[in-house]
Amino acid sequence: MISAESLLLQLPQDILTLARGVLDRSVTDFQQLCDRITDCSVTDLWVLQPVFYMHLDTDHVPSQSTPAVTTDIELARWSLVGIVATLSNIDVNAEKRCLLSAWNCIAPWLLFFHNQFIMCGANYRPIDRTPAIKLVASMLFHGLIAGRDSDGNSKLATTPILFRPTAELWMLAIETKDKDVLNIQMPLHDLGRITSLRLVTIFLVGECMRSESFVNTLVEVSGGIGPFTSAALKYVKAIASVTNLKDPDITSEAVRIELIQVVTMFSTCVGFITGTSMQSAAIREGFIVRHSIRHIFSTLRILQPLIPGRGSTEKALASSFQYLFFLLERADVPVSVFHEALRARALEIAVRMAPFEPAKMEANLHNISADFFEILYHYLVHDKILTYTCKHVNTWSNTLGPIARQDENLWKEWSAMKQTIRSYVSLRSKEEMTRRPLSNEKGWFLKCYCSGITKDTQLRQCAGCQVVRYCSKQCQRDSWYSHHRLSCKFLKAAVGSSTPHYVKRSLRLLAALEDRQMSCQEDDDIPKLVAAAQQQYPTDQERLVVELGVDKLDVSVRPLRHYLFLFNGLSENDIVESLSSWNLKEPRIHRSLLCSVIAINDQYYSRQILFSPRTALNMEMKLGRKR
């Protein structure tokens with residue numbers, strides 16, 4: 001067996017002399033040896049590996065930086081410098097073997113350097129803060145790359161004792177304005193040379209976020225969920241400043257690599273935001289409040305025409321839309337999220353990405369585009385979304401129409417969407433004209449009908465249904481005893497409890513869609529459903545309800561008792577009595593149907609059931625007019 005001394009004899013004489021000095025704990029020789037690494041061959045570096053690891057004994061890690069332990073600190077410092085330098089010049093497999101075998105010795109020293117010199121925990125600091133930041137970040141990053149297993153997970157970078165240093169480096173990188181700190185030179189095997197500390201730290205936290213303990217540490221270090229979400233979005237907003245994106249020469253190899261780094265950082269940021277949002281509802285809503293969708297899609301719109309590679313295209317586009325789809329499934333108010341996505345040009349991005357899908361991709365971009373159009377179709381029943389799309393549909397036709405024509409499936413989706421938008425707008429306009437008050441009655445139809453002159457800003461809203469507004473307490477009291485005590489609970493059932501703020505503004509459109517869906521039924525469709533329901537529910541012969549999907553041709557008939565959750569505080573008999581009395585003034589669709597309900601898209605994968613908007617509005621209007 002060849003001894004270590006015999007191996008060292010293979011080195012050039014000057015390198016051998018320095019190596020022997022390192023063995024004798026000479027800090028000066030160690031520094032000079034590190035300076036000479038670029039002159040060494042790969043074989044020389046292999047021989048030097050034991051030299052670089054020999055002074056990282058965990059027994060020598062001090063509890064505090066003092067002059068008495070300066071030699072141990074400096075030897076550990078130059079050990080890490082030498083390791084980082086040699087890892088950049090040997091192959092990946094060799095790098096992995098070296099770090100795996102020595103990481104338990106390296107990690108405690110990284111923690112010591114971070115606490116004492118980066119976070120300034122020591123009064124005596126023989127190492128300046130900036131070199132310490134670059135050394136610790138570089139070592140962590142090499143651990144991330146070298147420690148990946150067959151599943152792509154890194155065992156080294158996710159060492160629990162390094163969670164806090166990683167989190168604090170992440171915060172430091174986004175908060176500091178010191179360009180010397182941010183500029184870090186580190187070769188990366190498939191992305192050229194990394195030049196940004198922010199890119200390094202986002203890779204690190206992206207790997208560690210799989211651990212709930214790390215996410216909790218990150219929130220703690222940030223100072224709470226609010227500061228944490230703000231810091232994470234700063235990374236997205238700062239991406240454009242990582243490189244000069246003003247008319248870049250994308251034919252240049254250097255610029256191309258830099259753009260790939262920027263897009264990779266963007267995709268990792270979005271993945272990090274998505275991952276942490278999945279772990280905590282509070283974090284998810286915190287990102288929404290701070291307009292994460294707007295920042296992500298606004299940045300993506302800048303990057304989209306510059307993305308130089310197919311893989312980068314897939315990751316950037318797919319990660320952004322997957323985050324959007326996740327929020328539409330889980331967010332407390334998905335309508336607001338989708339509206340913000342539209343305002344951030346998500347539709348334009350979806351159209352532009354579909355025709356140019358690479359042949360082989362893990363994420364099918366055309367499917368993502370098709371999913372977006374399907375979601376838009378469902379959300380058009382909300383007045384807020386319809387109003388926005390109506391305002392921009394002509395502009396979209398001019399700018400996006402030619403792009404959509406390049407893909408047959410996309411063109412069909414695009415044409416159907418334009419037709420739906422215009423159809424819904426027409427239905428809404430007709431409904432507004434039908435339900436508008438007489439010329440001597442001021443204001444919107446769900447204001448009070450006392451002919452008062454109170455301005456809109458002074459109107460009082462009914463606390464029950466949150467739909468009708470009144471000019472005074474006296475007017476509200478008179479209305480209540482006149483008719484609103486009947487219509488109030490039905491209006492409340494018509495707006496639902498999930499997103500009442502948005503549904504109540506869409507009642508006229510929903511009433512028009514309900515009428516349209518009912519008129520689309522064949523003459524014998526509903527009687528057949530009623531007959532089947534009567535056989536299935538023999539005790540509910542006169543208490544059957546027809547359920548209509550306003551954005552799809554779904555029709556079913558069930559007993560009223562299946563829908564009691566809509567009428568908070570009303571018994572089944574109370575509902576039947578009220579509706580039966582009302583139906584004396586309004587012809588029924590079928591003699592055995594008590595009323596209708598509608599189903600609209602609530603969240604991406606769920607439906608919300610609402611009481612008939614048409615009936616609720618008719619109750620308030622007909623019973624509410626002065627006779």
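The chain has 27 helices and 8 strands, where helices (H or I, at least four residues) and strands (E, at least two) are DSSP runs numbered from the N terminus. Keep in mind that this is a predicted model: local features need pLDDT of at least 70, side-chain atom pairs count only at pLDDT 80 or more, and totals for chains, interfaces and linings use all residues. Residues are numbered from 1 along each chain as its sequence is written, and side-chain values use heavy atoms, with hydrogens and water left out.

How much of the chain is buried? Of its 627 residues, 55% are; buried means under 20% relative accessible area, exposed over 50%, and partly exposed in between (1.4 Å probe, protein chains only).

Now for the salt bridges, each one a side-chain nitrogen of Lys or Arg within 4 Å of a carboxyl oxygen of Asp or Glu. The count comes to 18. One of them pairs Arg210 with Glu207, with the closest N and O atoms 2.8 Å apart. Here Arg210 is exposed, at 54% relative accessibility, while Glu207 is buried at 7%.

Another joins Arg614 and Asp515 at 3.1 Å. This pair links distant parts of the chain, since Arg614 sits in helix α27 (residues 613–624) and Asp515 in helix α24 (residues 507–519), 99 residues apart. Arg614 is buried at 15%, and Asp515 is partly exposed at 32%.

Then there's Asp540 with Arg561, 3.0 Å from N to O. Asp540 lies in the loop between α25 and β5 and Arg561 in the loop between β6 and α26, so the pair ties together parts 21 residues apart in sequence. Finally, salt bridges with shared partners join Asp14, Arg36 and Asp39 into one network.
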